[in-house]
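Let's walk through how the side chains in this model hold on to one another. Have the sequence and the structure open as you read.

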Amino acid sequence: MVAVVALVSRTGRHLQRYRKGLRQVVGCIPYKFNKVIGQTVSEINEEDLQVLVISSQKGKGMLFPKGGWETDESIIEAASRETLEEAGVIGTVECELGKWNFKSKSNDTYYEGYMFPLRVQEQLDIWPEKNVRDRVWMSVSEARKICQHWWMKEALDRLVQRLTSQQQEEDEKNITGTCSLC
């Protein structure tokens, strides 16, 4: 199946959501596993995880895709749209990693930011912001060093913890036949 996407990013603030004076933004940490053939699920660890970072539009460092949550879309739709527009990947948006309040480094705007994991299913060759952003797959440790926002680093740590915990729970389920999440 070939994905058909609009080649233009949404612009403007007329549909932008605000809550208690804070601009609401939504982002994703696109990720994938580099699973070696023959390796079992229980053998996957942080080193097998790769995340996708993108360059800032202002050219000041690397970050995860994020942008405004608009009034005509759900939070999941916004997260998926921003990731497609900025990073050119499509995937499954998973359970929220958290919410952070922060101040813009470049102006006096305050934000409420939500982050989600996005398990990448497809990487596009052409996407709306291809000409203004670079994208790079890297290890979690590299992303921790290069990501310019503290709150995105916290979200990354939560993702790694979640995936590690899920792995441990899956291992326990395989041993005991039960799942603590059920």
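R81 and E73 meet side chain to side chain in a salt bridge, with N and O 2.6 Å apart; the term covers a side-chain nitrogen of Lys or Arg within 4 Å of a carboxyl oxygen of Asp or Glu. Both R81 and E73 are buried, where buried means under 20% relative accessible area, exposed over 50%, and partly exposed in between (1.4 Å probe, protein chains only). Keep in mind that this is a predicted model, in which local features need pLDDT of at least 70 and side-chain atom pairs count only at pLDDT 80 or more, while totals for chains, interfaces and linings use all residues. Residues are numbered from 1 along each chain as its sequence is written, and side-chain values use heavy atoms, with hydrogens and water left out.

Across the whole structure, a search finds 10 salt bridges. Side chains of opposite charge can pair when their charged atoms come close.

| Salt bridge | N to O distance |
|---|---|
| R81 and E73 | 2.6 Å |
| E86 and R133 | 3.3 Å |
| R19 and E112 | 2.6 Å |

Helices (H or I, at least four residues) and strands (E, at least two) are DSSP runs, numbered from the N terminus. E86 is buried at 6% relative accessibility, and R133 is buried too, at 8%.

Then there is R19 with E112, whose closest N and O atoms are 2.6 Å apart. R19 sits in strand β1 (residues 18–19) and E112 in strand β8 (residues 110–123), so this pair ties together parts 93 residues apart in sequence. R19 is partly exposed at 33% relative accessibility, whereas E112 is buried at 2%.

Now for α1 itself. The helix has 13 residues and spans 18 Å from its first C-alpha to its last, close to the 18 Å expected at 1.5 Å a residue (the expected span is 1.5 Å times one less than the number of residues). α1 is mostly covered, with 10 of its 13 residues buried. Among them are I75, A78, L84 and A87, along with the charged R81, E82, E85 and E86. What do the buried residues of α1 pack against? They pack against β2 (22–33), β3 (49–55), β5, β6 (89–93), β8 and β9, contact meaning heavy atoms within 4.5 Å. Just after α1, G88 takes a positive phi of about 70°.

V93 gives a view from strand β6. V93 is buried, at 17% relative accessibility. Leaving out residues up to four places away in sequence, V93 touches C28, I76, A79, S80, F116, P117 and L118. V93 and T83 are 10 residues apart in sequence, and their C-alpha atoms are 9.9 Å apart in space.

On to the rings. Rings of Phe, Tyr and Trp (its six-membered ring) pair if their centres lie within 6.5 Å, with planes under 30 degrees apart counting as stacked, over 60 as edge-to-face and the rest as tilted. By this rule the count is 5 aromatic pairs. One of them is Y31 with F33, edge-to-face at 5.8 Å centre to centre and 85° between the planes. Y31 is buried at 1% relative accessibility, while F33 is partly exposed at 24%. W69 and Y114 have ring centres 6.0 Å apart and planes at 85°, so this pair is edge-to-face. W69 is buried at 12%, as is Y114 at 11%. W100, F102, Y111 and W151 form one aromatic cluster.

A charge also meets a ring here: the charged end of K32 sits over the ring of W137, 4.3 Å from its centre. The rule asks for NZ of Lys or CZ of Arg within 6 Å of the ring centre and within 35 degrees of the ring normal.

Finally, the cysteines. The structure holds 0 disulfides, a disulfide being a pair of cysteine sulfur atoms within 2.5 Å. C95 is exposed at 58% relative accessible area, and C147 is buried at 4%.
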